[in-house]
Amino acid sequence: MNLLHKSMLYKSLLKNITLIAIFMLFSFSNSLLAQEDKTSIILYSSNVEFTYHQPFRNGYKSNHPSYIEVPKLNQILNMLQNYIQYLKKLGRVNGSPNIRISYAPDSELESDEVQTRIIKINDLGLASIINKTNRYLTEYGFVKVEDILDNPSAVQDLPEQDITKSSNFCKSAYFNNISIALPSNEPDTNYEIADSQTVFTTRPSKKTNLIYKLSLSNEADNGPFSDEAEIWYQKMKISSDQKYLALTDGLVPYIIDLSSKEKSKLYPDKDNISLLDYVWSPVQNILVGIVIDEKTENRQIFMYDAEKKEMLDIGGFSKVFEANYLYAMPIWSNKGNKLAFISSKSISIIDLIEKKAQANIVNVEGEIAEFIWSEDAESFAFVEVKGQARSQYHFDDYDFKGCVLHRYRFVNSMFSAAEDYAQCIESRNTIKIISFTDKDQILYLEGKLVAPDIPGSYWDLSKTFKAFLTPLPTEVINAEGKITNESVKPQQLPMQYLYVFRSQDSKNANIYDSGNGHSNLLYTEDFYSSWFIGLYLQGGIYYKGNVYNYRNSPYPFQCDNYAYFMDMTKGHVGLLMKFLKDYNIRSTDSDPKQKKLFMQANFSGILNIWSIDTRDLFNYLINGDKEREVKKEPVKEEVSVATQTQKIRTMFDENNFDDNKDIPLQE
């Protein structure tokens, strides 16, 4: 082969390789255009798919997309699916339309031949979306021009067409759909429980969102409860006596008097104040929290009396505390007479009875993770974590030097606190505090904690954690006049199981649900974990308690941690965990008396609020959906939680259920 021939062959080969490379690059680029990035949110129904390309957030004031964008997308998706179902029922649809909509509010979406059948939008104007949807339906021959509805109001006002199939829960005599009082294609995005019969919820309405009151017992109470929000209602929290509802509109804090519906702004003379967090007193209508000034970015503590409609300054705390170094979530004592404010390394206290404030009453070298009050609020306990995480994404408690449980008592009328070293516990592993007991001990959990590579919402820590009581306090040992090995060592308790259910996979994860029965889940504003502990009730421990955890990611159990002492067998509680897991129930809560469980779920397609009596739930899981006898019973006296728990346990024992038997979950 001569040199010229070789040269021509090499050129031909190079040309072919180049063409192949260009073709592969073009195909790869098209696949990238079609592929959604990790920040995209995809909502879909049987005929409509919405892809939301999130904008970048630019600070604390920047709304999370779940607050406004995602609920509106839920509404629009359900409305369009309802529109398609309406046309199908009229026999006006040819084939099966698959409407794909890409929404990118921050930038123009590039047009390409592969994606010509994707509707691209930059805003959520209904007229534009309906116009583009109609154009899609007619251009591709799914619907004739004369059959479409080109008026947005006509599309919005279409009666519901049962856009999704209902699950068997809807037919159950046990489960109640509270939202059915005001049926709507708009999902319930945030809710707050007033009592076992009443819930307040927000929905994305045609213009902006409203607060709705939903009642199981009084139909006359159902309906809109507020004026339209200027921006977006969120962070609803109801007072302990259910008289007031705290909430924000665009992060500006307000109080609503539930009897008069009067809405009061906490800072009427300031337009640049945004809420970081707040919490109601357990016994008074006093709201305490921390806000931030948008102009100066300085934080400040507030204490608002809802009855008097005025700010309080107990003991001049605003001058004593430097709020810029405090976490936004204060902690009330059970009697509502004291408040603790936590920073990363110190604890500050307000005494409402003595009207005193003391900053930095305790300082530590590590970081404070959890804090609890004793029942009399004369002492407190907290967990100190030493060391820092080596990874921002994977949690292993061996990355830290360990945890220390401290217990302090007030001395000299609140101006100082002294540690009780008899109850100091150090561990190389993770320590989680649960509660004080009536014997002045502290119930805590201790064990090796490692987050799995693929985190989930359901954790079984039974094999890695144990339950303990701290030794008796020093004053009790001295009063007895003798010290035994048992009194100076932690006491291990027989714990049958330890399950944890988290409302999200991660505090910062985006979890959505378009209300159409698929596996994506709605973002829940409040991240919390529920600990189901297989211990008989200890003296002085509440049936349900909450310990707030200040640790940041990658620690998996941040923020609110509720402890439930389950006087039931492992098999029965396992049924409950299986129910929560199999049916993607993420948002759960109970009424103040804990007789009823509330769930945010899409059992009937649209994301609604459901309720069920706690005893009925276990009846349903164990025995299936059996019709209950309807009979009038005389009004009985209030039964304690302990008595109710014993009745449930007796029911289980009478049926001779096997802890280890695999009981199938009812469909």
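**Entry 1. The open sheet**

I began with a sheet of four strands, which is open and antiparallel, in the order E6-E7-E8-E9. Its edge strands are E6 (190-195) and E9 (223-224), each of which pairs on one side only. I noted the terms: strands (E, at least two residues) and helices (H or I, at least four) are DSSP runs numbered from the N terminus, and two strands pair if DSSP finds at least two bridges between them. Strands of a sheet pair through backbone hydrogen bonds, either parallel or antiparallel. I found five bridges joining E6 to strand E7 (residues 198-204) in the antiparallel sense. Across this pair, Ile 193 stands opposite Val 199 in E7.

**Entry 2. Basis of the model**

I recorded that this is a predicted model, in which local features need pLDDT of at least 70 and side-chain atom pairs count only at pLDDT 80 or more, while totals for chains, interfaces and linings use all residues. Residues are numbered from 1 along each chain as its sequence is written, and side-chain values use heavy atoms, with hydrogens and water left out.

I then looked up the confidence, given as pLDDT (the predictor's confidence in each residue, from 0 to 100). The chain averages 78, and 75% of the residues score at least 70. Over residues 1-36 the pLDDT is below 50, and this stretch has 12 contacts beyond near neighbours in sequence; a contact means heavy atoms within 4.5 Å. For residues 628-667 the pLDDT also stays under 50, and the model has 45 contacts there beyond four places in sequence.

**Entry 3. Ser 215**

I located Ser 215 in strand E8 (residues 209-215). Is Ser 215 buried or exposed? Ser 215 counts as buried because its relative accessibility is 7%; buried means under 20% relative accessible area, exposed over 50%, and partly exposed in between (1.4 Å probe, protein chains only). A polar atom of its side chain lies 3.3 Å from the backbone nitrogen of Ser 217 and 3.1 Å from that of Asn 218. Not counting residues up to four places away in sequence, Ser 215 touches Ala 181, Gln 197, Thr 198, Asp 221 and Asn 222.

**Entry 4. Ser 240**

I placed Ser 240 in the loop between strand E10 (233-238) and strand E11 (244-249). With a relative accessible area of 34%, Ser 240 is partly exposed. Which residues does Ser 240 contact, leaving aside neighbours within four places in sequence? They are Ser 281, Pro 282, Val 283 and Gln 284. Gln 284 is 44 residues from Ser 240 in sequence, yet 7.3 Å away in space, C-alpha to C-alpha. The side chain of Ser 240 reaches the backbone oxygen of Pro 282 at 3.3 Å.

**Entry 5. Helix H3**

I turned to helix H3 (residues 126-139), whose buried residues are Leu 126, Ile 129, Ile 130, Thr 133, Asn 134, Tyr 136 and Leu 137. These residues lie on the same side of H3 because they cover an arc of only 160° around the axis, taken from the directions from the helix axis to the C-beta atoms. Their cover includes helix H2 (69-89), strand E3 (99-103), strand E4 (118-121) and helix H4 (152-156). Just after H3, Gly 141 takes a positive phi of about 75°.

**Entry 6. Strand E23**

I found strand E23 (residues 379-386) mostly covered, with seven of its eight residues buried. Six bridges join E23 to strand E22 (residues 367-373), in the antiparallel sense. Val 385 in E23 stands opposite Glu 367 and also opposite Cys 403 in E24.

Terms used
A polar contact is a pair of N or O atoms within 3.5 Å; within protein, one must be able to donate a hydrogen and the other to accept it, and residues adjacent in sequence count only if both atoms are side-chain atoms.
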